Amino acid sequence: MVPERVVSGMRPTGLLHLGHYHGALKNWVRLQSEYPCFFFVADWHALTTHYDTPEVIEENVWEMVIDWLAAGVDPGQATLFIQSRIPEHAELHTLLSMITPLGWLERVPTYKDQQEKLADKDLSTYGFLGYPLLQSADVLIYRAKYVPVGEDQVPHIEFMREIARRFNHVYGREAGFEEKALGAVKKLGSRKAKLYRELRTKFQEQG
């Protein structure tokens, strides 16, 4: 049985402030004594908006970890790590990207919102568009049950669920699944079978 893990990360794009403490760290300190927790420095996520200033990320990685420790995050209770030091995150992200319809990513509400807020940056990159997919890999790789996030990130959690369902649909089927499915569809009758195929294709392409 998989334990009820918690996964959460923070981007090292600047110095931490009281908002980080009250919005995340205080909660992390509480959770670490209740669940197996994985807290990580999301340096790859930081690259999605700071790809042109990687030195900023490098400067803040260890400063951020020091601030976590000062706030009470305990490496004796929780697992702390730097995202880029675990290549499996990038590997799973790549695999998930092979089955993710582009339209699903373009519909994530934060995509256009952040582009407007960060209008001074060129964010017409896959890295920025694929941010929620990398986030999905971060969570799914540990089979986490709890992912503490802000309200603006809730659509990303829903996106993760859809990606997990799609992955299981594509790769988790038993032998002969397609033949059995086609047989079941034929029993619906020609009109309903046609509607089913149209809706299935639309979902696979657009979500």
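In helix α9 (154-171), the side chains of E158 and R161 meet in a salt bridge, with 2.5 Å from N to O. A salt bridge is taken here as a side-chain nitrogen of Lys or Arg within 4 Å of a carboxyl oxygen of Asp or Glu. The model is a predicted one, in which local features need pLDDT of at least 70 and side-chain atom pairs count only at pLDDT 80 or more, whereas totals for chains, interfaces and linings use all residues. Residues are numbered from 1 along each chain as its sequence is written, and side-chain values use heavy atoms, leaving out hydrogens and water.

E158 and R161 are three residues apart in α9, so about one helical turn separates them. Helices (H or I, at least four residues) and strands (E, at least two) are DSSP runs numbered from the N terminus. E158 counts as partly exposed because its relative accessibility is 43%, and R161 falls in that class at 41%; buried means under 20% relative accessible area, exposed over 50%, and partly exposed in between (1.4 Å probe, protein chains only). Helix α9 also holds R165 and E162, again three residues apart, about one turn of the helix. Their side chains form a salt bridge of 2.6 Å, N to O. R165 is partly exposed at 48% relative accessibility, and E162 is partly exposed at 28%.

In total, the structure holds four salt bridges. One of them joins the side chains of K145 and E4 at 3.0 Å, N to O. K145 lies in the loop between α8 (131-140) and α9, and E4 in the segment before β1 (6-10), so this pair ties together parts that are 141 residues apart in sequence. E4 is partly exposed, with a relative accessibility of 34%.

A pocket is an open set of points on a 1 Å grid over the protein atoms alone, where a 1.4 Å probe fits and protein lies on both sides within 12 Å along at least five of seven lines; lining residues have an atom within 4 Å of a point. The space in the second largest pocket is about 320 Å³, a volume being the space filled by probe spheres set on grid points joined across faces, edges and corners. Its lining has ten nonpolar, one polar and four charged residues, where Ala, Val, Leu, Ile, Met, Phe, Trp, Tyr, Cys and Pro count as nonpolar, Asp, Glu, Lys and Arg as charged, and the others, Gly among them, as polar.

The largest pocket holds about 1000 Å³ of space. Its lining comprises 41 residues, with G9, R11, Y131, D152 and Q153 nearest the centre. By class, 20 of the lining residues are nonpolar, 18 polar and three charged. The largest share, six residues, comes from α1, and the elements that each supply at least two include β1, α2 (43-50) and α8.

Finally, D43 sits in helix α2. D43 is buried yet has no salt bridge, and R85, the nearest side chain of opposite charge, is 6.1 Å away. For charge, Lys and Arg count as positive and Asp and Glu as negative, while His and the chain ends are not counted. The side chain of D43 does make a polar contact of 2.4 Å with that of S84. Such a contact is a pair of N or O atoms within 3.5 Å; within protein, one must be able to donate a hydrogen and the other to accept it, and residues adjacent in sequence count only if both atoms are side-chain atoms.
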